Amino acid sequence: MYLKPVEIRWNDLDANRHLGNTAYISFMSHTRMAFFHDLGFTLEYLNANDIGPVVFYEHVYYLKEVLPGNPVQVSLEINGLSADGMFFEFYHNMYDHQGRQAAHSQLTGGWINLTTRKLTCPTPEMNKKFKAIEKGEGFRVLTQNDTRPVRIPRKDLP
């Protein structure tokens, strides 16, 4: 499990003086990017390979109030990968300074080519590293159908 400590800032709080919902999403995104960076997939690497991560679906379960004054830790576990590495599923957990779980997030995403804006497979180096990482409990091989757990029909304005 990958763990990232995060300090709570004043602007992360909401009107109730606890961690606001957008901060949870931001902390989890920060953890993902740190995870990619630590694997060697820095912003420079991603730019050089014209690839970037994209989120399809993210659901956060709020379990315990997080108050300012102490840092939190955010985990990342790989819970699913497609055979070609194009799609991924990550689980995030947020823990307070005493190690108590405060939130859980399930996220599905994939990789896009930054020029064509179309889904693409990760580089062979990325795919190899992702496949070698220890997987979370309940890990599964994903298909494209797994990337949209809820089908919402798109309705454009007239």
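Leaving aside residues up to four places away in sequence, T123 touches Y45, N49 and I51, where a contact means that heavy atoms lie within 4.5 Å. T123 itself is found in the loop between β6 and α3, the helix of residues 124–132, and it is buried, with a relative accessible area of 13%; buried stands for under 20% relative accessible area, exposed for over 50%, and partly exposed for what lies in between, using a 1.4 Å probe and protein chains only.

The model is predicted, and local features need a pLDDT of at least 70, side-chain atom pairs count only at pLDDT 80 or more, and totals for chains, interfaces and linings use all residues. Residues are numbered from 1 along each chain as its sequence is written, and side-chain values use heavy atoms, with hydrogens and water left out.

Among contacts between residues at least 6 apart in sequence, 69% join residues at least 24 apart.

The radius of gyration of the chain, taken over C-alpha atoms, is 17 Å, which agrees with the value near 15 Å that a compact globule of 158 residues would have; the globule rule is 2.2 Å times the number of residues to the power 0.38. Along its principal axes, the C-alpha trace spans about 45 × 40 × 30 Å. Of the 158 residues, 41% count as buried.

Next come the charged side chains. A search of the whole structure finds 8 salt bridges, a salt bridge being a side-chain nitrogen of Lys or Arg within 4 Å of a carboxyl oxygen of Asp or Glu. One of them joins the side chains of R9 and D12, at 2.8 Å from N to O; R9 is partly exposed, with a relative accessible area of 43%, whereas D12, at 6%, counts as buried. Another joins R32 and E58, whose closest N and O atoms are 3.9 Å apart. This pair links distant parts of the chain, since R32 belongs to helix α1 (residues 21–38) and E58 to strand β2, 26 residues apart. R32 is buried, with a relative accessible area of 8%, while E58 is partly exposed at 23%. D146 forms a salt bridge with R140, with 3.3 Å between the closest N and O atoms, and here D146 counts as partly exposed at 22% relative accessibility, as does R140 at 33%.

Finally, the backbone deserves a look. Most residues other than glycine have a negative phi. D50, however, has a phi near 55°, a positive value in a residue other than glycine. D50 is found in the loop between α2 (43–48) and β2 (51–62), where it is partly exposed, with a relative accessible area of 25%. R117 also has a positive phi, near 60°, and lies in the loop between β5 (101–113) and β6 (119–120); with a relative accessible area of 55%, R117 is exposed.

Notes. Helices (H or I, at least four residues) and strands (E, at least two) are DSSP runs, numbered from the N terminus.
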